[in-house]
Amino acid sequence: MLTWVAASIPALMWVGLLLVPWRPWSAREHLEADRYAMSAVDLGEITVLVPARNEAEMIGATLAALQVQGAGLQVVVIDDQSSDATAQIAASYPNTRIISGQPLPDGWAGKLWALEQGMAHVRTAITLLLDADIQLQPGLLGSLLAHKQREGRHFVSLMADLCRTSFWDRLLLPVFVYYFKLLYPFSLSNSRSRHVAAAAGGCVLVDTQVLRQIGAFASLRDALIDDCTLARQVKNAGYSTWLGLSRGVVSLRPYGTFGSIHDMVARSAFTQLGYSALLLLVVTTVFALAYGLPFVLLGSAHVWPLGLVAWAAMTLSYVPVLRYYRMSPLWALLLPLSAVLYLGMTWSSALRYWRGIRSRWKGRTYGA
């Protein structure tokens, strides 16, 4: 009896995940570009803030995509001490203002310091926070603005479609979205509850007065997971947020190798756990039970049905994300391998922190 009880744990975990009413595994919260309506969209009430540090390879595509979103859009690029041609390339686009960023003060994360400087130049009712490597498909911004107004939201954001060009990209990047949705269920984040607040920092459309009221970006100046921290502050101030997926928000940043994906994940994985060794051990235990134990059970002559149920439910939970990104459901069979790699990257992030490095990005190191 004790064996059956222990063996039922992973099956209960995965079947329970499929049955919870907030459906964190689904892709139902999404928004796509309306190409047919873009010509009639007036975007004069929006200022785009684009923090850019050494983004010469991608800033041109980002700004070119903004030019076709609609009329009246104002763009401010904050050149964050770039050593390449980022500022010169940005200056070649019309209706684009270039701000030369000041040196990074102590206690600030680079992106947040750039956005803080950009806020001083916003005079419109709405602000779009856009990463320098994000390309918006034609009509996307008009769709996002219409959704914000229709839903009566103060803060809306879209998770970018990450560039997938290699085996490692296809193995690990959709799983990144999958885990984010499990950690921050979109339906709960989009509800009135303040217990769950999440955002995707690459593309955020927010009321300017809300940003100023909550003291952004000074109020979260050292946050490395700045998007979720910002969403939490917006919610705590009594405003509403919304987060969804989109194939019309495209990340141009190439990964391609396991090493580059490792660096992206390790940059903030241990931060997500609050730098807690106890939580790291808890996550390790949960991963062992959820991903390892089902395959151990499959080799048992007595409890293999429970292992089969857990494995099937695990696989099914990943299929909606794969289908949304138009990938073969067969990739779901490799989810346990992805889980092992993500757990390893989380431990790598912890080891970095214990060595004194909280994060490293764009030539800057943030100490523990």
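Me: What makes Gly201 buried or exposed?

Reply: This is a predicted model, in which local features need pLDDT of at least 70, side-chain atom pairs count only at pLDDT 80 or more, and totals for chains, interfaces and linings use all residues. Residues are numbered from 1 along each chain as its sequence is written, and side-chain values use heavy atoms, with hydrogens and water left out. Gly201 has a relative accessible area of 10%; buried means under 20%, exposed over 50% and partly exposed in between, with a 1.4 Å probe and protein chains only. Gly201 is therefore buried.

Me: Where does Gly201 lie, and which residues is Gly201 in contact with, leaving aside its neighbours within four places in sequence?

Reply: Gly201 belongs to the loop between α7 (186-189) and β7 (203-207); helices (H or I, at least four residues) and strands (E, at least two) are DSSP runs, numbered from the N terminus. With those neighbours left aside, Gly201 is in contact (heavy atoms within 4.5 Å) with Lys111, Leu129, Asp131 and Asp227. Asp227 is one of the buried residues of helix α9 (residues 226-236).

Me: Why is α6 called roughly parallel to α10?

Reply: The axes of helix α6 (residues 167-183) and helix α10 (residues 258-266) come within 10 Å and cross at roughly 15°. Such axes are lines fitted to C-alpha atoms, for helices over the stretch in contact, and angles run from 0 to 180 degrees between N-to-C directions. Angles under 35 degrees count as roughly parallel, over 145 as roughly antiparallel, 65 to 115 as roughly perpendicular and the rest as oblique. The crossing angle therefore makes α6 roughly parallel to α10. On the α6 side, the contact is made by Trp168, Asp169, Leu172, Leu173 and Phe176; on the α10 side, by Phe258, Ile261, Met264 and Val265.

Me: How do you know that α1 is roughly parallel to α13?

Reply: The axes of helix α1 (residues 2-19) and α13 come within 8 Å and cross at roughly 20°, so α1 is roughly parallel to α13. Residues making the contact include Trp4 and Trp14 of α1 and Leu306 and Met314 of α13.

Me: Why is the pair of Phe167 and Trp331 called tilted?

Reply: The structure holds 18 aromatic pairs. Rings of Phe, Tyr and Trp (its six-membered ring) pair if their centres lie within 6.5 Å; planes under 30 degrees apart count as stacked, over 60 as edge-to-face and the rest as tilted. For Phe167 and Trp331 the centres are 5.8 Å apart and the planes are at 40°, so the pair is tilted. Phe167 lies in helix α6 and Trp331 in the loop between α13 (304-324) and α14 (335-354), so the pair ties together parts that are 164 residues apart in sequence. Phe167, at 42% relative accessibility, counts as partly exposed.

Me: What makes the pair of Tyr179 and Tyr342 edge-to-face?

Reply: Their ring centres are 5.5 Å apart and their planes are at 80°, so the pair is edge-to-face. Tyr179 lies in helix α6 and Tyr342 in helix α14, so the pair ties together parts that are 163 residues apart in sequence. Tyr179 counts as buried at 15% relative accessibility, and Tyr342 counts as buried at 7%. Tyr179 and Tyr342 belong to one aromatic cluster, whose members include Trp14 and Phe287.
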